[in-house]
Amino acid sequence: MAKPKTWTAHRDAVRIVPLHYPKPGYSIDQLATAQSVAGSNDPYDGKLHFATANAHLSYRGGPLLTRPQVQVVYWGGTWQSSASAQSLMHGLDQFFRDILVSPLMDQLAEYSVGAKRMGHGKFIGSLVRSDHAPQGSVTDSAVRSQLQRWIKAAALAKTGAQTLYFIFLEPGIISIMGGSRSCQNYCGYHNAAGRMYYALMPYPSCAGCLGGMSVLDALTATSSHELCEAITDPVPGTGWYDDNNGEIGDICAWQFRKLGAHTVQLEWSNAQRRCV
Ligand SMILES: [Zn+2]
């Protein structure tokens with residue numbers, strides 16, 4: 001049977017971490033304490049440019065992850081065989097363990113809606129899977145299919161209303177989504193397949209996704225971007241969204257701070273009209 005015609009035009013919502021471009025000329029510490037450049041609107045002048053104060057997220061009525069339950073998958077055989085991968089996985093696990101009960105979650109309270117009160121989440125755990133590991137590249141639909149396979153086989157936590165899967169790719173694997181590619185167009189994304197919410201984080205192996213940081217810092221920074229977006233806009237474009245500036249993290253992309261030991265990205269605050 002032919003698919004029924006639908007007249008609802010869905011704009012492709014922003015759901016990615018964009019590449020850092022041009023190359024960063026600032027350290028994380030400088031970025032954390034920098035002031036916005038007053039009176040300059042030339043984005044190529046080599047100075048820091050902060051989000052315009054007229055950015056504003058509005059709620060579109062969709063689901064929110066008020067108590068995000070994060071399950072991490074390290075996908076590919078080299079996660080298991082490499083010694084440096086062990087410390088990277090350890091660092092990322094610790095990041096999720098800490099971040100989901102951190103002030104960063106409290107900060108999102110202003111995006112509570114009615115009975116949907118933003119609160120702390122939980123790190124379910126992580127595991128390495130090498131089955132159907134991508135070779136060369138992996139499309140978004142292949143990611144979804146594999147997630148569904150794992151869930152069906154009970155390898156992963158069952159999908160609940162608050163479940164968020166984070167998949168980390170091994171080095172050398174390019175992610176492809178909607179004609180865009182990791183390290184060319186983006187550094188990670190989050191998405192939804194029905195009520196299955198997930199984020200895909202390629203290994204940052206280009207300057208545009210490392211932004212002058214270590215691999216761990218680059219991954220926690222971009223993961224915090226996707227985490228906050230998956231919380232406030234799990235089905236891209238249907239939660240808290242700004243038609244001109246995208247999701248909560250897009251407005252503040254590549255502005256960082258330290259949260260405990262972890263590098264995280266600033267997030268847009270409607271209430272304070274700035275990145276915090
Ligand atoms: Zn984003």
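Which residues in α3 meet which residues in α7? In this predicted model, L88, G91, L92, F95, F96 and I99 of α3 meet V215, L216, L219, T220, S223, S224 and L227 of α7. The protein chain holds 7 helices and 15 strands, and buried residues account for 48% of its 276 residues. Among contacts in the protein chain between residues at least 6 apart in sequence, 73% join residues at least 24 apart.

**The α3–α7 pair**

- The axes of helix α3 (residues 83-99) and helix α7 (residues 215-232) come within 10 Å, and they cross at roughly 35 degrees.
- The crossing of α3 past α7 is right-handed.
- Sorted by class, the contact of α3 with α7 comprises 9 nonpolar, 4 polar and no charged residues.

**The two helices individually**

- Helix α3 has 17 residues and reaches 25 Å from its first C-alpha to its last, close to the 24 Å expected at 1.5 Å a residue.
- The buried residues of α3 are A85, L88, M89, G91, L92, D93, F95, F96 and I99.
- Helix α7 has 18 residues, which should span 26 Å at 1.5 Å a residue; the end C-alpha atoms of α7 are 26 Å apart, in agreement with that expectation.
- Because 16 of the 18 residues of α7 are buried, α7 is largely enclosed by the rest of the structure.

**Nonpolar cores**

- In soluble globular proteins, nonpolar side chains tend to be buried together.
- The largest nonpolar core here contains 43 residues, of which F96, F166, F168, L227 and W268 touch the most other members.
- Two or more residues of this core come from each of β3 (69-75), α3, α4 (103-107), β6 (163-169), β10 (196-201) and α7.
- Helix α3 gives the most to this core, with 7 residues.
- Another core, of 20 residues, lies apart from the largest one and includes I151, L156, Y186 and A193.

**Contacts of F166**

- Leaving aside residues up to four places away in sequence, F166 touches V70, Q71, V72, V73, F96, A199, M201, S223, E226 and L227.
- Among these partners, F96 and L227 also belong to the group in the largest core that touches the most other members.
- F96 and L227 are likewise part of the contact between α3 and α7.

**Y189 in strand β9**

- Y189 lies in strand β9 and is buried, with a relative accessible area of 0%.
- Leaving aside residues up to four places away in sequence, Y189 touches R15, I16, D140, V143, S175, M177, Y198, A199, L200 and E226.
- Y189 and S223 are 34 residues apart in sequence, and their C-alpha atoms are 8.9 Å apart in space.
- A199 and E226 are touched by Y189 and also by F166.

- C183, a residue other than glycine, has a positive phi near 70 degrees.
- C183 is placed in the loop between β8 (180-181) and β9 (186-193).
- C183 counts as partly exposed because its relative accessibility is 25%, where buried means under 20% and exposed means over 50%.
- W254 is not a glycine either, yet its phi is positive, at about 65 degrees.
- W254 is placed in the loop between β11 (240-241) and β12 (256-259).
- W254 is buried, with a relative accessible area of 8%.

Methods
Residues numbered from 1 in each chain as written. Predicted model: local features only at pLDDT ≥ 70, side-chain atom pairs only at ≥ 80, totals over all residues. Heavy atoms only, no water. Axes fitted to C-alpha atoms, helices over the stretch in contact; angles between N-to-C directions. Helix = DSSP H or I, 4+ residues; strand = E, 2+ residues; numbered from the N terminus. Left-handed = near helix turned anticlockwise from the far one by under 90°. Contact = heavy atoms within 4.5 Å. Nonpolar A, V, L, I, M, F, W, Y, C, P; charged D, E, K, R; others polar. Core = buried A, V, L, I, M, F, W, Y, C linked by side-chain atoms within 4.5 Å. Buried < 20%, exposed > 50% of the residue type's maximum accessible area, 1.4 Å probe, protein only. Expected span 1.5 Å × (residues − 1).
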